[in-house]
Amino acid sequence: MLSNRLLPALQRGLQRRLSLHSVTGHRQCFRTYGLSLPCSLNCVTVCGRKFPSAYLCTDAKTVVKDSHTASAVKLKFDSVIAPDLPIDEKFSDLNAIEANVRRRNINLDARQLHSDYCQFLQLEKEKYSLERQRRENADTMKHVMKEKGRHFESESNELKRRGKLIKDKLKQLQDEKYHTLYKRVVCDILKIPIDLHPDTPDADVVCSEFGDKPNFSFQPLNHLSLGQNMRFLNIQSDVEGTFYLLNEAAILEHHLMTRVAGSHLRAHGLQQFVCPDMVKAFVVEGCGFNVCEMLEMENKGGAQNQMKNSDSEENLGKSRDHNLLLTGVSCFGFAAYLTAMNIQDSSLPLKYYSVGRNYMPVKNKELGLYSASQASCAAMFGVAPSAVAADRIFDEFLSITLSLYKKLRTVPFRVVQVGASNLRLMEAKRVDFYVWSAGFGSYFKLGELRLCNDYISRRLAIQHYGSDPGKGEDSCSNKNYVYTVDGVIIKFPSIVASLMESFQSKDGTCSMPKFN
């Protein structure tokens, strides 16, 4: 159960949602069965303090009960939202875990991890038993002092001696075994990926290509040179990955965002959504991303941080508080809105889209708009009550995305079914979209669409219920987590760059095409 200090904060966060999608907040639902886990390395700094996970950045306590052990073991963690990870369910089929990690090329010994996990639960039982004995001893001592007074000093001394002995055993247990094993178990359990979709191949497969590659009788320039020649582009040298689009390029980007992509997605029945620029770090971790990766962009260059090695642990500790991360239009904004929601089945499925700025770390500054840290983009997010319904949404979103690209077939595109070895831990299936660059003579990633099933919802407590959610604790004994589909499907600066390179002339100029 959540503590009384944490409940008001969650209630305030839910108040603005109660009129949407027939959302009902169930306090008793926020209880996790299994092991409550932090989801990243020691990289989150809040108010000058380091936390092993963004899930732990609060003083509120969440009690987590392990229902599969003989005794009622309770684990206490500082937690905003306690992730509900089906550890025992996963360990019931070790062969499936081994096959999954083998296809993904993940270095993980599932059987050793299971052994460590069982050992950890045994230590947790011992720890719980010692804590119970210490409480009982303290209560007995209070009773003796109250009822019998100083006349029973020998009995009081014996209770003190016993209390010190229990305290020493507890300290020894925690110092020698508990924390070491806990850290090892947590790090390895976080490597367990979601089950692969049956359609996922072992290696990347090119599904389709459309649009004709331009042929030039001269050596084509890239968009960086063309943009300067035409005064379409101003790259900022002092901050990596930032740029200004000017004149016709800026007009074209705005037209693609509003009149082409926005209108296209609305016409297919998606509900428009405005994502926040910043989200809490625990949301990023709940979506399966490492906070360190998100901090790379914020710590590089500019006035925020002038440290050269900004991704090192030492510098992360010196940088600003990391409880808020700059993300923009992405799955994080949608997930933050849905966190701790209990959605009525009649409101599902949910299909959202958002158009705006996306912020991601720069991978190669030499690629210009193809690797910009700030890029206007379009993203989609779907919520379904079951895996079958999520599959249907994935196919629908893929069809919508391909039809959008075909409106822009003046440049070549490639669609790739991503292989198991290249998927992230939270992805059961993913399709990547690429655009052709005539200037660089290569395809560059333009967007992606991914099926995450219940990975995100289990970590961010996003559930659904029928017409009668029930009352009392028993109604939440069977948790129904939603299944999600999401993706940043297109980045408009990359389209602008490809169009500039595809419609260039020998004299180093280019013209922008018109789209309805």
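## A kinked helix, α7

Helix α7 carries a kink of about 35°, centred on Leu256; the bend at a residue is taken as the angle between axes fitted to the seven residues ending there and the seven starting there. This is a predicted model, in which local features need pLDDT of at least 70 and side-chain atom pairs count only at pLDDT 80 or more, while totals for chains, interfaces and linings use all residues. Residues are numbered from 1 along each chain as its sequence is written, and side-chain values use heavy atoms, with hydrogens and water left out. Helices (H or I, at least four residues) and strands (E, at least two) are DSSP runs numbered from the N terminus.

Asn247 belongs to α7, which covers residues 247–267. The phi of Asn247 is positive, near 55°, although the residue is not glycine, and Asn247 is partly exposed at 48% relative accessible area. Just after the helix, Gly269 also has a positive phi, of about 85°.

Buried denotes a relative accessible area under 20%, exposed over 50%, and partly exposed in between (1.4 Å probe, protein chains only). The buried residues of α7 include Ala249, Leu252, Glu253, His255, Leu256 and Met257. Val260, Ala261, Gly262, His264 and Leu265 are also buried in this helix.

The buried residues of α7 pack against the strands β7 (243–245), β12, β13 (374–384) and β18 (483–491). They also pack against the helices α12 (387–407) and α14 (492–502). Contact here means heavy atoms within 4.5 Å.

## Backbone exceptions in loops

Most residues other than glycine have a negative phi, and most peptide bonds are trans. Asn105 has a positive phi, near 60°, and is a residue other than glycine. It is placed in the loop between α3 (94–104) and α4 (110–147). With a relative accessibility of 61%, Asn105 counts as exposed.

The peptide bond between Leu348 and Pro349 is cis, with omega about 0°. Pro349 is in the loop between β11 (342–344) and β12 (350–359).

## Salt bridges

A salt bridge is a side-chain nitrogen of Lys or Arg within 4 Å of a carboxyl oxygen of Asp or Glu. The whole structure contains 23 of them. One of these joins the side chains of Asp168 and Lys164, at 3.2 Å from N to O. Asp168 and Lys164 are 4 residues apart in helix α5 (residues 153–189), so about one helical turn separates them. Asp168 is partly exposed, at 38% relative accessibility, whereas Lys164 is exposed, at 54%.

Another salt bridge joins Lys429 and Asp199, at 3.8 Å from N to O. Lys429 lies in strand β15 (residues 429–437) and Asp199 in the loop between α5 and β5 (205–210), so this pair ties together parts that are 230 residues apart in sequence. Lys429 is buried, at 4% relative accessibility, while Asp199 is partly exposed, at 48%.

Asp432 and Lys445 form a salt bridge in which the closest N and O atoms are 3.5 Å apart. Asp432 lies in strand β15 and Lys445 in strand β16, so the pair ties together parts that are 13 residues apart in sequence. Asp432 is buried at 3% relative accessible area, and Lys445 is partly exposed at 32%. Salt bridges that share partners join Arg424, Glu427, Arg430, Asp432, Lys445, Glu448, Arg450 and Asp486 into one network.

Strand β16 (residues 442–453) also contains Asn453, which is buried with a relative accessible area of 14%. Leaving aside neighbours within four places in sequence, Asn453 is in contact with Ile194, Ala387, Ala428, Val482, Tyr483 and Thr484.

## The protein as a whole

The protein has 14 helices and 18 strands. Of its 516 residues, 52% are buried. Among contacts between residues at least 6 apart in sequence, 75% join residues at least 24 apart.

The protein exposes about 24400 Å², of which carbon and sulfur atoms supply 48%. Accessible areas come from the Shrake-Rupley method with a 1.4 Å probe.
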